[in-house]
Amino acid sequence: MSRYVLRRLLLLVPTLALITVLVFSIIRLLPGDIVTLMMSEQGYAGDKAKLEQMLGLDKPFYWQYATYVGKVLQGDLGVSFWTKEPVLDEILRRLPVSLELAVLAMFFGLVIALPAGIVSGIRQDTWLDYVVRSSAIGGLSVPGFWIATVVIVGASIWWQWVPPMRYTPLTRDPVRNLSQLVLPAIILGLALSASIMRMTRSMVLEVLREDYVRTAWAKGLPERLVVARHVLKNAMIPVVTVMGLQLSALLGGTVIMESIFVLPGMGKFLLDAITWRDYPVIQGINLFLATGVILLNLLIDLIYGFLDPRIRYG
Amino acid sequence: MFRLIRSKPLGALGGVLILVLVVTALLAPVLAPYDPIKVNSRERLQAPSLNHLLGTDDFGRDILSRVIHGARISMLLGLGAVAISTLLAVIIGIVSGYYGGRIDIVLQRCIDTLMAFPGLVVLLTIMAMLGQGLGNVILALGIGGTAGNARIIRSAVLAVRENQYIEVARATGCQDWRIITRHILPNIAAPIMVVATLGLGVAVLAESALSFLGFGVPPPTPSWGAMLSGSGRTYMIQAPWMAVFPGIAISLAVFGFNMLGDALRDVLDPKLRKGHQ
C-alpha cells in the first residue's frame, strides 16, 4: 500500500510539471498582449519597454518560466498585473464561495442521482426506469444558464423576487448565505446528477448479475436487503470515480452560475482575468484548480482500498 | 428492428428526434418560411402569430426560420467537433493502448494533465487564443473533447489487444498496421460510435455555454446558443419567445443524442442486456 501511494505521489510530479508548462505557455499565446492593453488604459506607464520591464515580460520565455516555477514552489503565485494584490490571497478569498457552491451542487446531484439510479437499475426497462432516465437525461440536456435565466425571470415576474446583488458569507449569516446558493447549486446539481445516475444504474445492473446476488436471492432474502447489503455496497466504487471525474466539470459550471447569480467566486474572477489578460491570475487559478482536481482524484483512488477490501494495490 | 424499438423505446425516441434534426438541417432553405438573417425593423419583437409561428426577434427576424437554420449550424458544429475529437482520440487511444510501454505512460500523463483542467476553462482559453468564428468554435470543441474520448478508446483497445485472434494475427506475421486496421479498429467500433453520439450532444451544449460567455459563434449566424444567450436573455421579460424556442431546440437535440447514445451503449454492451434474476 505505502509503495503504491509513493508511486502515485511520484507520478504527480510530471503531471504537475506539465500543468505549469501548459498554463504558462498557452496564456502567452493569447492574442492581444497585456502591455498594449495597459498602455491603452490611463494611469499606467507610457513607455512600453519600461512597462515590460516592470511586469518582468522583457526576459526570455524560459527565464520567466523558471522564475515562475521557483516562486510557485515557495507558495507564491505572483501578483495581479492590474490590482497588484498577491494572486494566492485573491484566490483564497474567493475559494470558499466556489467550494461551497461546488459541494452543495454535488450534494444535490447525489440526492437526485443515487435513488434515481438504483430504482432505474432494479426496475430495468419498466415505465419507472424510462421516466427516471428521461428526466435525468432531460436535466443534462438543458443548458444550465438557460434554466437559471428562466428561473430568475419567472421568480421576478410571479413573486417579485430577485436574487440579492450582495453576497453574504456563510460565517456571517448561514441562512441568508444558503438561501443565496441553493438555487445555483440545484441547477448545477441537475446536470451533474445525470452522469452519476447513469453510472449508478449501469453498476446496479452489472452487480445484479453477479453470483453472490443470485445466492442472496436464492436464500430468500427480501429485495430491500439484497439491494442494500449486496448490490449497493458493490456498485458504489465506480460511482465514486465518476464523482471525481465530474469535479473538474463542476468547477467549470461554477463559472457560469457565479456570473448569473453575481457570486464573488473563482469563476467570475477567472472570466475577468481572461478578458483583461491578467497572466498571473489566469495561471494561478488554472494551476490551483488543476492541482486540486488531481489531488482529489488521488485521494479518491486511495479511498477505494478502504471501501473495498478486494482492491489491493500492487 | 421492431423488437429493438420495443426493447429500447427511449433510444428509439432519441433516434426519431435526431432524424427530425437531420432532415430539418438538410432541408432548412425549403422549410424556413423567411430569410433567417434579413433585418425587418417594422416587425420587431412580435409575439408568436400565424405570420410568425414562433414570433420575431429584436431585429424583426423570424424565430422559426432562425431555429430551422440553427439546426444546420448545430449539426455542422456537432459533426465537425466530433469528427476532430474522435479522430484524434482514436489515434491517441490506439497508439497508447496497442503499443503500451513508455509511449503509453507519456500519453496518459498528458491526458491526465488535460483532464485536470475544467472543460469550460480549456474551451475559453482555446477560444481566446483562436478568436471568434464558427470554424474556431468547432476546432476548440474538437480539441476540448479529445482527452476524455482518448481514455475510453484506450481502454477498449486494451481489452481487444488481449484477444487470441490478435495473438494469432501476430504469430502469422501480420504487420502492426494491418492488425490495427483489420482487427483492432472493427472491434472498437462500438465504443467509438457511443462516444461520438454522446459527444454530439456535449458539443451542442458546450457551444451554448461558450455563446453565453461571449465566445461563441458570432452574429448574425443563427446558432441556437447565440440566439438564447445574447439578445434572447436581454429581452427575456419583454419577448420570452426569443430565448424559449431556441432553448427547447437545444434541449431536444441534446436529449436525442444522449438517449440514442445510451441505447447504443446498452445494445452494443452485451453485459448490460436484460436477463438477470
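Two residues are in contact if their C-beta atoms, placed from the backbone, lie within 7 Å. The model is predicted: local features need pLDDT of at least 70, side-chain atom pairs count only at pLDDT 80 or more, and totals for chains, interfaces and linings use all residues. Residues are numbered from 1 along each chain as its sequence is written, while chains are lettered from A and ligands numbered from 1 in the order in which they are written.

**Exercise 1. Overall description of chain A**

Determine how many helices and strands chain A has, and what share of its contacts between residues at least 6 apart in sequence joins residues at least 24 apart.

Solution. Step one: helices (H or I, at least four residues) and strands (E, at least two) are taken as DSSP runs, numbered from the N terminus. On this basis chain A has 12 helices and 0 strands. Step two: of the contacts in chain A between residues at least 6 apart in sequence, 72% join residues at least 24 apart. Step three: a residue is buried if 20 or more other C-beta atoms, placed from the backbone, lie within 10 Å of its own, exposed if 12 or fewer, and partly exposed in between. Of the 314 residues of chain A, 38% count as buried.

**Exercise 2. The packing of α6(A) and α8(A)**

State at what angle the axes of α6(A) and α8(A) cross, and which residues meet there.

Solution. Step one: axes are lines fitted to C-alpha atoms, for helices over the stretch in contact, and angles run from 0 to 180 degrees between N-to-C directions. The axes of α6 (residues 127-141) and α8 (residues 174-208) of chain A come within 7 Å and cross at roughly 135 degrees. Step two: this makes α6(A) oblique to α8(A), given that angles under 35 degrees count as roughly parallel, over 145 as roughly antiparallel, 65 to 115 as roughly perpendicular and the rest as oblique. Step three: Ala136(A), Ile137(A), Gly139(A) and Leu140(A) of α6(A) meet Leu190(A), Ala191(A), Ser193(A), Ala194(A) and Met197(A) of α8(A). By class, this contact has 7 nonpolar, 2 polar and no charged residues; Ala, Val, Leu, Ile, Met, Phe, Trp, Tyr, Cys and Pro count as nonpolar, Asp, Glu, Lys and Arg as charged, and the others, Gly among them, as polar.

**Exercise 3. Positive phi in loops**

Solution. Step one: Lys84(A) is found in the loop between α4 (61-73) and α5 (87-122) of chain A, and has a positive phi of about 65 degrees although it is not a glycine.
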